[in-house]
Structures are given as structure tokens and as C-alpha cells.
Amino acid sequence: IRDRYQRRVHGGLNDEEREAFFDKLRKLTLDRTSIADSMVFAIQHASAAEEMVEIIAESMSIESTAVPLKLARLCLVSDILHNSSCSARNASLYRKFFHSHLPSIFASLNAAWLRQGRLSSRKMEELVDRVLNAWESWSLYPGPFVRELRLLFRRPPTIQDPETSPQG
């Protein structure tokens, strides 16, 4: 009980809430209802925004995560950010906490994009562009920051120096 209380005082999720959120992230799809359900959970637990953002960011950095799941999670991020201006207590914290994680999220999306075939990569580009265009139109973040995210996503593969590559 003390442990749960301490987490609550500091705004973190209790074990049951954390497990419920992990479960939602694992089962997330591109279906609007699935995304909306997870977004509502996030807004209702906005006092734990920092922890929830870290969980989402970490889940998007896992290389083996399927691209559709990564894209569903990006849509969740977008939905949370869109609703971060609602009147729910602490909801605005999501914008602050996502700001520092978005560059690594988009770098991870870039790595997944580079592994896709032509058709799949085109669909991924379209969805990421729609999200970033929406963020620009909502003025969620300054234009230069959104452009930086776009560049991170579209960054071409780096050419390894033969002397530093594992085969060299």
C-alpha cells in the first residue's frame, strides 16, 4: 500500500494501471476505436504523463516491433497530443514530455521505414506525413521542430565507412 501511495504522490501509475496500459499498447491497431480507447486512458491518467510518454517512446524504439503497430502508436501519440489541450487535469503535460522524446521516436520510425519494401514504405510515408501536417496545422510545436522531425524520418541510410564497418 505504501508503495502505491508513493507512486500516486509522485504521479506515477500503480502496477495495475501500468499493466493495463502495456496491454493497450500491445493490442493497439490503426482502428480509430482502438486508438481512441488508449488516448482516453492516457488523458484520464495524465498525472502519470511522464511515465506514460516514456513507456510509449520506449515501445516505439524496439526494432522488432511490427511497422503497423509502430504506426498505430504514432497515431496514439498524435491523438494524445491533439487532446492535450482539453480541460483534463495535467493533460497539457503530454506536450512537454513528448517534445523531448519525439526525435528518437522519429529516428526509430526512419529505421523501420528504411527496412520496408517500396509499397509499404509509401504507405508509411503517407501516414507519417499526415501526422506531421496535422501537427503543423494545430501549431502543436514550432514549425522548425516539426520540420526537424520530418527530416529525421526521411533521413537516407548512412553509408558505413569500410574501415569502421564490422566487415572491414
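Which residues in α2 meet which residues in α4? Before selecting them, bear in mind that this is a predicted model, in which local features need pLDDT of at least 70 and side-chain atom pairs count only at pLDDT 80 or more, while totals for chains, interfaces and linings use all residues. Residues are numbered from 1 along each chain as its sequence is written, and side-chain values use heavy atoms, with hydrogens and water left out.

Select helix α2 (residues 15-27) and helix α4 (residues 49-61), whose axes lie 11 Å apart at an angle of about 35°; helices here are DSSP runs of H or I with at least four residues, numbered from the N terminus, and axes are lines fitted to C-alpha atoms over the stretch in contact, with angles from 0 to 180 degrees between N-to-C directions. Now show the side chains: from α2, Arg18, Phe21, Phe22 and Leu25 meet Glu51, Met52, Ile55, Ile56 and Ser59 of α4, contact meaning heavy atoms within 4.5 Å.

Next, centre on Ser59, which belongs to helix α4 and counts as buried at 9% relative accessibility, where buried means under 20% relative accessible area, exposed over 50% and partly exposed in between, with a 1.4 Å probe and protein chains only. Its side chain reaches the backbone oxygen of Ile56 at 2.7 Å, and, leaving aside residues up to four places away in sequence, Ser59 touches Leu25, Thr65 and Arg73.

Finally, select Cys75, which is buried at 18% relative accessibility, and then Cys86, which is partly exposed at 34%. With a disulfide taken as a pair of cysteine sulfur atoms within 2.5 Å, the count comes to zero.

Notes. Helices (H or I, at least four residues) and strands (E, at least two) are DSSP runs, numbered from the N terminus. A polar contact is a pair of N or O atoms within 3.5 Å; within protein, one must be able to donate a hydrogen and the other to accept it, and residues adjacent in sequence count only if both atoms are side-chain atoms.
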